[in-house]
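Please follow this explanation with the structure open beside it. The paragraphs below go through the two chains one after the other and end with the place where they touch.

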Amino acid sequence: MSRMVYMDNHATTPMDPRVLEAMLPFFTDKFGNAASRNHQFGWEAEAGVDHAREQIARLVNAKPKEIIFTSGATESDNLGIKGVAEFYKEKGNHIITALTEHKAVLDTCRALERTGKAQVTYLPVDTYGQVDLDDLRRSVTDKTILISIMYANNEIGTIHPLREIGKIAKEKGIIFHSDATQGVGKIPVDVDSMGIDLMSMTGHKIYGPKGCGALYVRSKGPRVRLAPMMDGGGHERGMRSGTLNVAGIVGFGKACELAGLEMETEAARMIQMREQLQTGLFHQLDDVYLNGHPQQRLPGNLNVSFAYVEGESLLMGLKDVAVSSGSACTSATLEPSYVLKALGVGEELAHTSIRFGLGRFNTPEEVDYVIERVVHEVRRLRDMSPLYEMAKEGIDLKSFNWVRE
Amino acid sequence: MAYSNKVIDHYENPRNVGSFAKDEENVGTGVVGAPECGDVMKLQLKITDEGIIEDARFKTFGCGSAIASSSYVTELVKGKSLDEAMNIKNTQIVEDLSLPPVKIHCSVLAEDAIKAAINDWKKRKGSDPAKAASNE
């Protein structure tokens, strides 16, 4: 391999050249403000936005006017959750979510708790990362106004049964929000059959541009209302003021169109490469463990713990491979992944986890190269690992008397 | 996070990796840290009867900076007397390897590993048992 292999497609994706091509005219020739209603420049920009709204709506079976453009999924999560908490505060103040949600959901909920605007139930998950539906049902109170459960987890790829969750929300008359950032464009989404009322999505996870996302807001059955977070010109049906990022929106739309057209073949290709990766690693190395659900997972996601090898040291060895680690040392917090912790993965194994994120531009040759590099580095680091040595000598690492700092 | 060249060098070409033979005399072993904390260092020192460190081995589970810190101290302690080795401070490791603030705990662990290995040797030699015990 002459260049770096990028296998961190859950963090972000490279933009598809077809998306860039669609965007370019909107930076220069068609630079108008989509809100300018009285001249050609504005009409052209508006036409671009309208077309994108249709492309995005089609991918998730929504109506175009139900797509509210934002700066990305974090803003969508904030707008959806805080907007509902504020607008429906007379009705109730209880929110149900899960421990493995993205920080954009968890920290939004915590902010509402801190300011006394909501009470939040954080549902535990099973060893695969899924919530228990009975648990969810039991958590509903007469004050519950919102259920927020993600579609596919960004670390372990576990897919939640949105249809069943949507059904429970409908039965109880509760608004259902889903952060579908990782799922949209990769696996089928149907806001109607899944009973979704609010849904966060973003362009840059599906080969579109960064800085452009959307919140789906159901308009009928029920019509969902939101208190806006920003005051201004009343764009996006009054829910999100601010001049539209026309070029970004056009790119996001094109990315959605391509994702819809190619989803079936692309997902099959991802699954094939993921199996190639998993088989290669598991056949050549002992003491490796899969994190997340064996079947109900994103096609491009593989999360593996390489016991006795600390994740960051492995990343450091994989200089020409971009993957990500659930280890403490990659973040400033020094705590290993809260997602793996919620699954019941021991901290000693959480420190050894690596997330592989396959994407549209990866090839089977790259997968073979990554297998070779990972196997080589894991073996090298295990030769250096006191834990591997102890385990091979039959010492029980769990009962060993460790000297903690 | 960018690593210093010294950290990269020790990570890529670790010095004195391994373990001394089990039955080898004059070896003190220190194991510090814990798997759930993400760092475990095992440092072994071969010490002459005169109290001079003549050789060292390490194995480390941890990030690149932890590996580099332990590799670095195996070189640092060689030829030193026990008193000199006991006086090695983590700040010296931080400076010499240019460790960033979030990696200071790696240097603390390396300092602890030196002390633990020396105390283990003293305990095995039966000299100064009280001090060795107080460091348990």
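Predicted model: local features only at pLDDT ≥ 70, side-chain atom pairs only at ≥ 80, totals over all residues.

Two strands are taken to pair if DSSP finds at least two bridges between them.

Is A21(B) buried or exposed? A21(B) counts as exposed because it has 6 C-beta neighbours inside 10 Å, and a residue is put in that class if 12 or fewer other C-beta atoms lie within this distance. The C-alpha atom of A21(B) is separated by 22 Å from that of A110(B), and the two residues are 89 residues apart along the chain.

Chain A is divided into two parts, domain 1 (5-9 + 263-392) and domain 2 (17-259). The C-alpha centres of these two domains of chain A lie 29 Å apart, and the contact takes 20 residues from domain 1 and 20 residues from domain 2. On the side of domain 1 of chain A that touches domain 2, the elements giving two or more residues are α7, β10 (301-306) and α9 (338-342) of chain A. By class, that side of domain 1 has 7 nonpolar, 10 polar and 3 charged residues.

The strand β10(A) is also part of an open sheet of 4 strands in chain A, with the order β9-β10-β13-β12 and antiparallel pairing. Because β9 (288-291) and β12 (324-325) of chain A stand at the edges and have a single partner strand each, one side of each is left without a neighbour in the sheet. Within the sheet, β10(A) and strand β13 (residues 353-357) of chain A run antiparallel and are joined by 5 bridges, and N303(A) stands opposite R355(A) in β13(A). The helix α7(A) packs on this sheet, touching β9, β10 and β13 of chain A, and its direction makes about 10° with that of β10(A).

A further partner of α7(A), which spans residues 246-284, is helix α2 (residues 40-60) of chain A: the axes of the two helices come within 8 Å and cross at roughly 30°. The crossing of α2(A) and α7(A) is left-handed. Among the residues that make the contact are A45(A), G48(A), V49(A) and H51(A) of α2(A), together with V246(A), I249(A), V250(A) and F252(A) of α7(A). By class, the residues of this contact divide into 11 nonpolar, 5 polar and 3 charged. How is H51(A) classed, as buried, partly exposed or exposed? With 17 other C-beta atoms within 10 Å, H51(A) is partly exposed. The C-alpha atoms of H51(A) and T202(A), which are 151 residues apart along the chain, are separated by 17 Å.

Elsewhere in chain A, strand β2 (residues 67-70) pairs with strand β8 (residues 213-217) in the antiparallel sense over 4 bridges, and the bridge partner of T70(A) in β8(A) is G213(A). In a regular strand the side chains alternate between the two faces of the sheet. In β2(A), I67(A) and F69(A) point one way while I68(A) and T70(A) point the other way, and all are buried.

Finally, the two chains meet in a contact that takes 25 residues from chain B and 24 residues from chain A. On the side of chain B that touches chain A, the elements that give two or more residues are β1 (27-34), β2 (39-47), β3 (53-61), α2 (64-77) and α5 (104-125) of chain B. The largest share of that side, 4 residues, comes from α5(B). By class, the side of chain B that touches chain A has 16 nonpolar, 6 polar and 3 charged residues.

How values were computed
Residues numbered from 1 in each chain as written. Chains lettered and ligands numbered in written order. Buried ≥ 20, exposed ≤ 12 C-beta atoms within 10 Å, placed from the backbone. Contact = placed C-beta atoms within 7 Å. Nonpolar A, V, L, I, M, F, W, Y, C, P; charged D, E, K, R; others polar. Axes fitted to C-alpha atoms, helices over the stretch in contact; angles between N-to-C directions. Left-handed = near helix turned anticlockwise from the far one by under 90°. Domains from an automatic or database assignment.
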